[in-house]
Amino acid sequence: MVYQNLLIETRGPIQYIVINRESKLNALNKDTLYELHIALGDALHNKEVGGVIITGAGPKAFVAGADIAEFKGLDVNGARNLAHENQRNIFNVIENFSKPVVAAINGFALGGGLELAMACHIRIASDNAKMGLPEVTLGLIPGYGGTQRLTKLVGKSRAFEMILTAEMITAAEAYQLGLVNHVVSQDRLISKAEEIINKILKNAPLAVAAAITAINAAGDNATNGFDTEIVEFAKCFATADSKEGIAAFLAKRKPAFKGK
Ligand code: COA
């Protein structure tokens, strides 16, 4: 497959997946999500690949979220399908990947970008990175597992604050919350991610895969939570406020929400 929105490189046992839409801060549009699904399948089935590093192209963004332009005109059914299919085909696939997946967060990780990073097993951030789930500023909520994974990673009270205020946090704050495992300078980001994957690859692959399955099973009562998120995410698309939030972002103006 020739990728238009990803750069794929295999060096030794590591597969690098680089989200490559720098002019849109690597926002996840439909095509990119489809390519990501294919690339993950390839990495899973390729016996030469021991682990995966996901990062974003350029110095500014890991992924600045789902592509907001594609939310325009989405109705409740379309939104439900979007969230359901991408959760199942990408975000849950990463979480349950039998090989280690490390997010190298090289800049903004917002909305779907932070959700992508949170689906990975380990997160390394560069010191310029900023993270957040700003969906409520668009009249929406996270739809790719964010309400569930953030709550698991940082606890309910921090998740409430981050999601309800929509504020971004710095890499240093994310480290304090346990949201990222390490913070390094941007020039050391990939080598730090490689260092961790290489440590893991010294260990027994089947045991690593079993440990991933077992760790994911910890407190696994999330199935209903993910379903709830899909339903609530989709319902947002029936509101006038979501149309206003999306239109305002695209027109580069402040939204005027009416609670409808
Ligand atoms: N979807 C679609 N396009 C996006 C995007 C997204 N999530 N995030 C950024 N872009 C686009 C911008 O529209 C702009 O495109 P243009 O040059 O064609 O106008 C380009 O990427 C650069 O972004 P810009 O906003 O000009 O950069 P900035 O440095 O001023 O601000 C951010 C950076 C990350 C703060 C800002 O882009 C932003 O708030 N993005 C949306 C974040 C978000 O709400 N994500 C959750 C989506 S559910």
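Visitor: Which residues have the most contacts inside the largest nonpolar core, and how many residues does that core have?
Guide: The largest nonpolar core has 60 residues, and those with the most contacts inside it are Ile54, Ile105, Met131 and Leu179. A nonpolar core here is a set of buried Ala, Val, Leu, Ile, Met, Phe, Trp, Tyr and Cys residues joined through side-chain atoms within 4.5 Å, where buried means under 20% relative accessible area, exposed over 50% and partly exposed in between, with a 1.4 Å probe and protein chains only.

Visitor: Which helix gives the most to this core?
Guide: Helix α2, residues 76–95, gives the most to this core, with six residues; helices are DSSP runs of H or I of at least four residues, strands are E runs of at least two, and both are numbered from the N terminus. The core also draws at least three residues from each of domain 1 (6–201) and domain 2 (205–251), with bounds that come from an automatic or database domain assignment.

Visitor: What kind of model is this?
Guide: This is a predicted model, in which local features need pLDDT of at least 70 and side-chain atom pairs count only at pLDDT 80 or more, while totals for chains, interfaces and linings use all residues. Residues are numbered from 1 along each chain as its sequence is written, and side-chain values use heavy atoms, with hydrogens and water left out.

Visitor: On to the ligand: how many residues surround it, and which are the closest?
Guide: The ligand is surrounded by 19 residues, the closest being Lys24, Lys60, Ala66, Ile68 and Lys252, where a residue is near if one of its heavy atoms lies within 4 Å.

Visitor: Where is Ala166, and what is its phi?
Guide: Ala166 sits in the loop between α5 (156–165) and β9 (169–170), with a positive phi near 65 degrees, and Ala166 is buried, at a relative accessible area of 11%.
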